[in-house]
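This report describes the fold of the structure shown below.

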Amino acid sequence: MKTRWLTYGVGFFVSAAGLFCLYGGTQAASDVTAFRAPNCVNCHSYPAEQKLILGDFQSYSRLAGLITVKVGPKVQTVKYNPQTKVENAPTLRDIPIEAAVKVYYEEKPDGLHTDKVVVKPKIKFPENQILSVEEMKKLVDLGPEKGKFTLLDSRPAYRFQEERLPGAVNQPFPNFDKLTNLLPQDKNQLVIFYCQGFT
Amino acid sequence: MAARKAEKLGYTNVKVFHAGVPAWGETGNVLYTDGAFVEQMMGYLVLLDLRGVEAAKKAHIQGAVALDLKNLEKEKVQFPIDRKAPIILYTDKSDWKELQPAVKMITSWGYSRIRVLEGGFEGWLAKNRPVQKGDVRTTIFYIPRPHPGEISGDEFMNVVKVRPADKLILDVRNKEEALEGVLEGAINIPLDSLQGRLAELPKDKEIIIHCETGLRAEMSYHIIRNAGGYKARFLNDKIAVKGKEFFCCYK
C-alpha cells in the first residue's frame with residue numbers, strides 16, 4: 001500500500017464553460033426497451049410504453065443523489081429525490097449490489113429521474129416445501145445418489161460457473177422447458193431447486 | 001418459478017432451498033467453482049494450492065500460492081485486508097469434505113467469497129488449463145480486478161503531474177467539496193449536473209474522471225460512455241484535495 005502526496009497550487013477552474021450551460025440531452029428516448037436487461041425480459045414482460053429500467057442494482061451515491069443499474073452491458077445512471085419510493089427494501093442504501101430491480105423513470109434534460117424503485121420481492125412459498133440450511137447440509141453430505149435427490153441450480157450459467165452447491169446441476173430457469181431431461185425419471189423422487197436466495 | 005413448473009410436470013416431492021447460495025456460503029459451507037471461472041479471473045484471485053510447497057513445485061495452477069493445509073491457521077496474518085477478496089482453494093481432487101474445515105475457518109475470519117475448485121488440480125490438468133512448474137509463490141498477493149474504464153493510481157498521478165495536452169481531468173465532486181480545492185487544470189462538473197452538461201466536455205481529449213472515493217467517478221464514467229463519442233477513464237481510488245495539497249492513491 002502506497003500513499004503519496006504532492007503540493008499543488010489551488011486551481012480554481014470551476015468550469016467557465018458552465019456559464020453557457022449547454023444541454024447534452026439524453027439518449028435512446030425512442031427505444032424504451034433499451035433500458036430492459038435481456039435476463040429480466042426472459043421471464044417478465046411489461047407494456048412497451050411503460051417507462052421502466054429493468055436490471056441489476058449497482059451503486060448508490062448520497063452525495064450526487066444517484067443510483068446506477070446495470071442493464072445488459074451498460075450501466076444506467078438515474079437520479080432519485082427525497083420522495084422516491086422504495087419497495088421491498090427499507091431505503092435505496094439498503095438495496096444489495098446485484099439485486100434485481102425495477103426502476104420507474106421519467107426523462108428530463110438533465111438525465112433520467114425516478115420516483116419509484118422496486119426490488120424484486122421474495123417469492124412466497126409454503127413452509128413445508130422449504131429446506132433450511134441444516135436440512136440442505138444433511139442432504140449434500142449424503143450426495144444426490146445416496147440421498148436420492150436431484151439438486152437443480154436455477155441461476156444463469158455464469159453464476160453457476162462461479163459458485164454452486166456440491167452435487168448441483170445447472171438448469172437456468174429461462175431454459176427450464178428445454179432442460180426437463182435434467183429432472184429425474186421417477187416423478188416421486190425428491191427434486192430440490194435453489195437460486196441466489198429468496199427469488 | 002421452477003418448483004411450480006416441476007409440479008405441473010407431475011413431480012410429487014418438490015422442495016426449495018429458499019435461502020440459496022448466499023446463506024449457504026455465509027454459514028461456512030463449501031461452494032464449488034469451475035476452472036473456467038478461475039481462468040477468467042486469473043491474476044485477481046487468492047488462489048491457494050493446499051497440497052503444500054513440495055507438490056506445488058512439481059506443477060501448480062498459474063498464479064497459485066502454495067500453503068500447507070495442515071498449517072493454514074498460521075497463515076491467517078497474510079490473508080488480504082479486503083474480506084471480499086475471492087479465495088479459491090484446491091488440492092489434487094479438491095474433495096469438498098476434505099476442504100470443509102478450511103472453508104469454515106476462513107469464513108470465520110470474515111472472508112465472504114471462498115470457493116473450492118471442483119475437480120481440483122487433476123481436473124484443471126484434464127482441461128489443459130495453464131500450469132506452472134518449478135518455483136511457486138508462498139506469500140499471498142492480491143489485487144482486485146480493475147473495473148472497466150479504471151485508470152491506475154500511478155498513471156493518474158502522472159496525468160496530474162505532467163498534464164498531457166491530450167487529457168483533461170474532470171472532477172465530479174459537489175460544488176461545496178470543490179471549494180476546498182480543485183486539482184490544477186481540472187474542471188469541476190458535479191455528477192448530479194453532468195448529464196445536462198456533457199456538451200462542455202471535449203471529444204478530442206481523453207477525460208480522466210475523479211471524485212473522492214471512486215464511486216461517483218465510476219458513475220460519471222458510465223454517463224459519459226453511454227453518451228457516446230467520448231474517451232474516458234476514471235480513478236477508482238480515494239483522493240482528497242485540500243487547498244494546495246492533495247492526497248491520493250491507496251490501491
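Helix α2 (residues 133-147) of chain A lies across β8 (149-153) of chain A together with β1 of chain B, and runs at about 115° to β8(A). Angles lie between 0 and 180 degrees and are taken between N-to-C directions, with axes fitted as lines to C-alpha atoms, for helices over the stretch in contact. Helices (H or I, at least four residues) and strands (E, at least two) are DSSP runs, numbered from the N terminus. The model is predicted: local features need pLDDT of at least 70 and side-chain atom pairs count only at pLDDT 80 or more, while totals for chains, interfaces and linings use all residues. Residues are numbered from 1 along each chain as its sequence is written, and chains are lettered from A and ligands numbered from 1 in the order in which they are written.

β8(A) belongs to an open sheet of four strands, ordered β9(A)-β8(A)-β10(A)-β1(B), with parallel pairing. Two strands count as paired if DSSP finds at least two bridges between them. β9 (169-170) of chain A and β1 (13-17) of chain B stand at the edges; each has a single partner strand, so one side of each is left without a neighbour in the sheet. Strand β10 (residues 190-194) of chain A is joined to β1(B) by five bridges, and the two run parallel. Within this pairing, A:Tyr194 has B:Phe17 as its bridge partner.

Helix α1 (residues 2-8) of chain B contains B:Ala2. B:Ala2 counts as buried because it has 20 C-beta neighbours inside 10 Å. The limits are 20 or more other C-beta atoms within 10 Å for buried and 12 or fewer for exposed, with partly exposed in between; C-beta atoms are placed from the backbone. Apart from its neighbours within four places in sequence, B:Ala2 is in contact with A:Leu152, A:Ser154, A:Phe173, A:Phe176 and A:Phe193. A contact requires C-beta atoms, placed from the backbone, within 7 Å. The C-alpha atoms of B:Ala2 and B:Ile209 are separated by 44 Å, the two residues being 207 apart along the chain.

**Domains and overall dimensions**

Domain bounds come from an automatic or database domain assignment.

| Chain | Domain 1 | Domain 2 | Separation of C-alpha centres |
|---|---|---|---|
| Chain A | 25-119 | 127-194 | 32 Å |
| Chain B | 15-132 | 150-248 | 38 Å |

Chain B has 10 helices and 15 strands. Its C-alpha trace spans about 60 × 55 × 35 Å along the principal axes. The radius of gyration of chain B is 24 Å, whereas a compact globule of 251 residues would have one near 18 Å. This radius is taken over C-alpha atoms, and the globule rule is 2.2 Å times the number of residues to the power 0.38. Of the 251 residues of chain B, 44% count as buried. Among contacts in chain B between residues at least 6 apart in sequence, 64% join residues at least 24 apart.

**Nonpolar cores**

A nonpolar core is a set of buried Ala, Val, Leu, Ile, Met, Phe, Trp, Tyr and Cys residues joined through C-beta atoms within 7 Å. The largest one has 56 residues, of which A:Ile53, A:Val78, B:Leu170, B:Ile208 and B:Ile209 touch the most other members. Helix α10 (residues 215-227) of chain B supplies the largest share of this core, six residues. A second, separate core has 54 residues, including A:Phe173, A:Val191, A:Cys195 and B:Ile88. Returning to A:Ile53, and not counting residues up to four places away in sequence, A:Ile53 touches A:Phe35, A:Val69, A:Val71, A:Gln76, A:Val78, A:Val103 and A:Tyr105.

**The five-stranded sheet of chain B**

Chain B has an open sheet of five strands in the order β9-β13-β12-β10-β11, with parallel pairing. β9 and β11 (187-188) of chain B stand at the edges, each with a single partner strand, so one side of each is left without a neighbour in the sheet. Strand β13 (residues 231-235) of chain B is mostly covered, with four of its five residues buried.

Two bridges pair β13(B) with strand β9 (residues 150-151) of chain B in the parallel sense. B:Glu150 has B:Phe234 as its bridge partner, and B:Ile151 stands opposite B:Leu235. Strand β12 (residues 206-210) of chain B is joined to β13(B) by four bridges, also running parallel. There B:Ile208 stands opposite B:Arg233.

Helix α7 (residues 153-162) of chain B lies across β9, β10 (167-171), β12 and β13 of chain B, at about 105° to β10(B). α10(B) also packs on the sheet, touching β12 and β13 of chain B, and its direction makes about 170° with that of β13(B).

Notes: Two residues are in contact if their C-beta atoms, placed from the backbone, lie within 7 Å.
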